[in-house]
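Please keep the sequence and the structure in view while reading.

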Amino acid sequence: MGLRKLKEILGINLLRLTIFISILFLFLFIILIFAKGAKMLSFSFLTQPPKSGMTKGGIFPAIIGTLYLTIFSVLFAFPIGVLSSIYLVEYAKKNFLVTIIRTAIGTLAGVPSIIFGLFGLAIFVITFGFGVSILSGSLTLGIMILPVIIKASEEAIKAVPDSFREASYALGATKRQTIIKVVIPTAIPSILTGAIMSIGRAAGETAPILFTAATFYTRKLPTSIFDEVMALPYHIYALMTEGTAPEYQVPIAYGTSVVLLGLVLVISSVSIIIRFRMRRKKKW
Amino acid sequence: MVKNELKVEKLNLWFGEKQILKDVTFSIPDKKITAIIGPSGCGKTTLLRCFNRMNDMTDNVKIKGKIILDGCNIYEEKTNLSSLRMKVGMVFQRPNPFPKSIFENVAFGLRVKGFKDKTRLTEIVEKSLKDAWLWNEVKDRLNSSAMELSGGQQQRLCIARALATNPEVILFDEPTSALDPQATAKIEELSVELKNSVTVVQVTHNIGQAARISDYTAFLYLGELVEFGISEKLFTVPQDKRTEEYLGGKFG
Ligand SMILES: Nc1ncnc2c1ncn2[C@@H]1O[C@H](COP(=O)(O)OP(=O)(O)OP(=O)(O)O)[C@@H](O)[C@H]1O
Ligand SMILES: [Mg+2]
């Protein structure tokens, strides 16, 4: 056996080892969270508010809060993000300003989420006077996921072959009609995939809602977008840092983690299914 | 005396600084097949795209000269591009159906025109598919995706799509270059059939194809129209030395 062969075998096994390590941690992670949290799951855990100083009861208000925050942030960010990306791809000339805008969007995608939290506090909570509320939190989350949605839609729109646009123009369609009837319908599966991924992000982040929307404890469900809410990620954070009875509260935190993880997993599998079904259909 | 459908007068075109078409002047006869031949890069596609003003969308393009259709210069400012492109249909080199149903592909041109009458729409789609010789193959699956068709079927679908707006002229840019010989033969026969109702202008690389199907041929070389005339004559007794060399396989 030559030295080269030996090196090759070593190399391949090194790669295998790295894969093994990543998978090992993934498994450990899932097993740990589920082992500690799954036993908390029950119908009442999902449908009851917390009780007895957060040592008993369920997490219903936090589930509802997270749903509201996520839905509103996507309702805000999705149309703006998609329209911006249409502008960037289809209308913007390749000039200096547009390059700056692109770079800015790219940079924004990498900004730590706590900074978005501070921004939201300054702008929405204080300057606009929305207070700590669903509205402030959704807008903050929306701004955080906006660059992700723009990037994903931009890629999706760029991936629409020019031959489709040409065919549409050649049939007498205007630019607007071409975008509405050809470009968007062709790109929509990938646009949606990007959007759904960002839903997962919006649902899971703690930092952006820390100062803008989340509250440690409320029994009542929100009645307007100006109410503050409980939220799953913040609930975990609060139980682990501010709890007074850890022997009861730590298991609740793990149970909440399982719910949050499940929510995000469901969302990403939906996006995988959409992508898979659409990919089967398109063959250009 | 042949009636002319399209008259090209002193057409010049530049992409940036580079002149692509030089003083091209000729007339395309009504309800005939006119082939445009020439070596790669000589400007065939560019010339074809002048007839429905598709070059307008390219950056840095400059066009001078006239193309007369129905007595009007299509390069006049008042020209409505949408109606021009419905009158002058186009079929591309590679089949490019939309990722929509077969029906919606054919209906597209009418839909963008705001055509609402559902029954009439269905009739036109059927007629167009029949005229493009595709009806029998797709009549049971009008709602399935056009992407499921074979290459040759897709190209005939693109022809049907172009026919649906009832054009006077149909432009083909090497419509068979991506197809196998059988599908090619079918499209060639179809072109011949189409000239009963529309004027066909067909760019082709394939001299044999031009000789087989066209009534008139234009030979383009380095952006100049070297020779234009009845195909039989042009292919048997070319007037210009360059045409003769090209047909003899000297270049291109
Ligand atoms: N959008 C464009 N911008 C700049 N130059 C272009 C553009 N499109 C075409 N050209 C140039 O114009 C010339 C003619 O191109 P055209 O596509 O019309 O040739 P063609 O005769 O159709 O060639 P082929 O047989 O290879 O299709 C070529 O030199 C090409 O590089
Ligand atoms: Mg060409």
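Chain A contains 11 helices and 2 strands; helices here are DSSP runs of H or I with at least four residues, strands are runs of E with at least two, and both are numbered from the N terminus. Along the sequence, the elements of chain A follow the order α-α-β-β-α-α-α-α-α-α-α-α-α. Taken along the principal axes, the C-alpha atoms of chain A fill a box of roughly 70 × 70 × 35 Å.

The model is predicted, and local features need pLDDT of at least 70, side-chain atom pairs count only at pLDDT 80 or more, and totals for chains, interfaces and linings use all residues. Residues are numbered from 1 along each chain as its sequence is written, chains are lettered from A and ligands numbered from 1 in the order in which they are written, and side-chain values use heavy atoms, with hydrogens and water left out.

Within chain A, helix H3 (residues 60–91) packs with helix H10 (residues 232–242) at an angle of about 135°, their axes being 8 Å apart. Axes are lines fitted to C-alpha atoms, for helices over the stretch in contact, and angles run from 0 to 180 degrees between N-to-C directions. H3(A) and H10(A) are therefore oblique to each other, since angles under 35 degrees count as roughly parallel, over 145 as roughly antiparallel, 65 to 115 as roughly perpendicular and the rest as oblique. Ala62(A), Ile63(A) and Thr66(A) of H3(A) make the contact with Leu232(A), Pro233(A) and His235(A) of H10(A), where contact means heavy atoms within 4.5 Å.

Attention now turns to ligand 1. It is surrounded by 14 residues, the closest being Ser40(B), Gly41(B), Lys44(B), Thr45(B) and Thr46(B). A side-chain N or O atom of Ser40(B) is 2.6 Å from an oxygen atom of ligand 1. For Thr45(B), a polar side-chain atom lies 2.6 Å from a ligand 1 oxygen, and for Thr46(B) the distance from a side-chain N or O atom to an oxygen atom of ligand 1 is 2.5 Å. H1(B) supplies the largest share of the shell around ligand 1, 3 residues.

Note on methods. Near = heavy atom within 4 Å. Polar contact = N/O pair within 3.5 Å; in protein donor to acceptor, adjacent residues only side chain to side chain.
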